[in-house]
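The entries follow in the order I made them.

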Amino acid sequence: MVFSGLTFLLLFLPTLLILYFLSRDLRWRNGVLVVFSLVFYAWGEPVMVLLLLATTLFNYLIARAMDRAASPRGKKLWLFLGVAGSLAGLLYFKYTGFFLSNLSSLLGVKIAFTAPRLPIGISFYTFQILTYTVDVYRGKVGVQKNFFRLLLYVSCFPQLIAGPIVQYGDVAAALESRTTTAEDFVDGARRFLLGLGKKVILANISGSILLECLPDGAAPASVVGAWVSAIVYSLHLYFDFSAYSDMAIGLGRILGFTYKENFNYPYFSISPTDLWRRWHISLGSFFREYVYFPLGGSRKGKGRQLLNLLIVWALTGLWHGAAWNYVLWGLYWYVLQIAHKAVEKPWARMPKFFQWLLNFVLTMIGMMVFYYNDQGALLVHVAAMFGGGVGWLDEGILSVLRQYALFLPIACVGAAPLVPRLKKLAEKRPALAALGTVFAVLVGLLSLLFLIRQSYNPFIYFRF
């Protein structure tokens, strides 16, 4: 089930909200949320919901064992078992086929193996439950003795499938005590509807344009074609993923949870470092707090810091998928991060526009590294971006530009940081806040009309 599906919007969500708010006792509300969350997941993964339950139960028992451990050594042993056990499922389902196929190619021996079907959202909920287990070990959070509250944390449907990755400490108190005010409900609904419009209108149309720009995944030959297709793909990826985060944050607020922001207008960043403070913020926070710092961060010298960063970026790439283009993409951003740190002072002395422009060019190249499974096609595309193709403009791209002459500028504006500025204005002028709510409702109604006409179109990050 997806947020942008008619079944979710017209059946699942209204039924959930009616039963949830009819329940006055928080225990009943939690029960409603657990049941509906498991139904939400089982709608597309009727068998794999058992893996979700098993992962939660496993970490619940591990944390209880850590809490009863008599010595630091015993706690560390339970932590090791918890982390290893949780990652074992992720490694098996997501990476076994990749590892064996590459081993087969390397050895020149055919290895008979059928890769298991990847459970939806396994990367997200595995990382989430790990924040609980690790933070219990660190003493940052108390052990959760109620299994169903921990299950609610892991399975809560707004963030279950594609994030944001919610750390246990951020919602631990809300699992035991929370309320939803009228303001929370209105703000959450407005955020959800705007996210729905971002997905159904901006992301889906961008995806359709991308198919015209890059038919059958073939790299464009002209300079304009290479840049337009890179920009369209970047917009598609951003709108698709940030829309899910917007809807998750909005639904969370309606239900009494506060989820942290996951995107902060990344295409307006002025350096590679700045970009990764703005893109998929929850993933960056996870790797920083649960991988980079435990490895030693920058405390053990420059050489060790470079190694730690290499490990983090290699894992970041692999987290997105078991394919070499994702590994290459992670290494690409590792090199850019290191290079930016080396030239940080002269970079900062450039006018802000040139900092943004240079970073934008590097980001577009990185997006193409992410897009292409075929490294040969990647090289053709990047070469075309800088004049290595057959010309400046081709008929196919010219036709796309004519057909979507109105939509493309609107999409670019949609990726700009206009909403925060409008919010500041609305704080001073209440009429603008009311107008924003009306606009969100209209966007929601328009999205429903689009959905009736569109075919099934799941979120990109479901595959991760």
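**Entry 1: salt bridges, the count.** I began with the rule: a salt bridge is a side-chain nitrogen of Lys or Arg within 4 Å of a carboxyl oxygen of Asp or Glu. The model is a predicted one. I searched the whole structure and got 12 salt bridges.

**Entry 2: Asp25 and Arg27.** I looked up this pair, whose side chains form a salt bridge with N to O at 3.1 Å. Arg27 has 66%, so Arg27 went down as exposed.

**Entry 3: Asp184 and Arg253.** Next came a salt bridge between the side chains of Asp184 and Arg253, at 3.0 Å from N to O. It links distant parts of the chain, with Asp184 in helix H9 and Arg253 in helix H10, 69 residues apart. The cut-off for buried is under 20% relative accessible area. Asp184 has 17%, so Asp184 is buried. Arg253, at 31% relative accessibility, is partly exposed.

**Entry 4: Arg191 and Glu261.** Which residue does Arg191 bridge to? I found Glu261, with the closest N and O atoms 2.7 Å apart. This pair also links distant parts of the chain: Arg191 is in helix H9, Glu261 is in the loop between H10 and helix H11 (272–275), and 70 residues separate them. Glu261 has a relative accessible area of 41%, so I recorded Glu261 as partly exposed. I then followed shared partners.

**Entry 5: the largest pocket.** I turned to empty space. Rolling a probe the size of a water molecule over the atoms shows where such space is left. The largest pocket holds about 1,600 Å³. I listed its 50 lining residues and noted the closest to the centre: Arg191, Leu194, Tyr265, Val419 and Lys423. Arg191 is the partner of Glu261 from the previous entry. Two or more lining residues come from each of helix H9 (182–213), helix H10 (223–254), helix H19 (407–414), helix H20 (419–428) and helix H21 (430–453). Which element gives the largest share? H9 does, with 12 residues. I sorted the lining by class and got 28 nonpolar, 13 polar and 9 charged residues.

**Entry 6: the largest cavity.** How many cavities of 30 Å³ or more does the whole structure have? My search gave 2. The largest has about 80 Å³ of space. Its lining has 12 residues, and those nearest its centre are Trp276, Trp279, Trp329, Trp333 and Met367. Helix H14 (324–342) and helix H16 (352–371) each supply at least two lining residues. H16 gives the most, with 4 residues. By class I noted 10 nonpolar residues, 2 polar and no charged ones.

**Entry 7: the second largest cavity.** This one has about 40 Å³ of space. I wrote down the lining: Leu152, Tyr153, Cys156, Gln159, Val171, Leu175, Phe257 and Tyr259. The elements giving two or more of these residues are helix H6 (147–155) and helix H8 (168–176). The class tally is 7 nonpolar, 1 polar and no charged residues.

Notes:
Residues are numbered from 1 along each chain as its sequence is written. Side-chain values use heavy atoms; hydrogens and water are left out. On a 1 Å grid over the protein atoms alone, a cavity is a set of points where a 1.4 Å probe fits but cannot get out, and a pocket is an open set with protein on both sides within 12 Å along at least five of seven lines; lining residues have an atom within 4 Å of a point. Grid points are joined across faces, edges and corners, and a volume is the space filled by probe spheres set on the points. Ala, Val, Leu, Ile, Met, Phe, Trp, Tyr, Cys and Pro count as nonpolar, Asp, Glu, Lys and Arg as charged, and the others, Gly among them, as polar. Buried means under 20% relative accessible area, exposed over 50%, partly exposed in between (1.4 Å probe, protein chains only).
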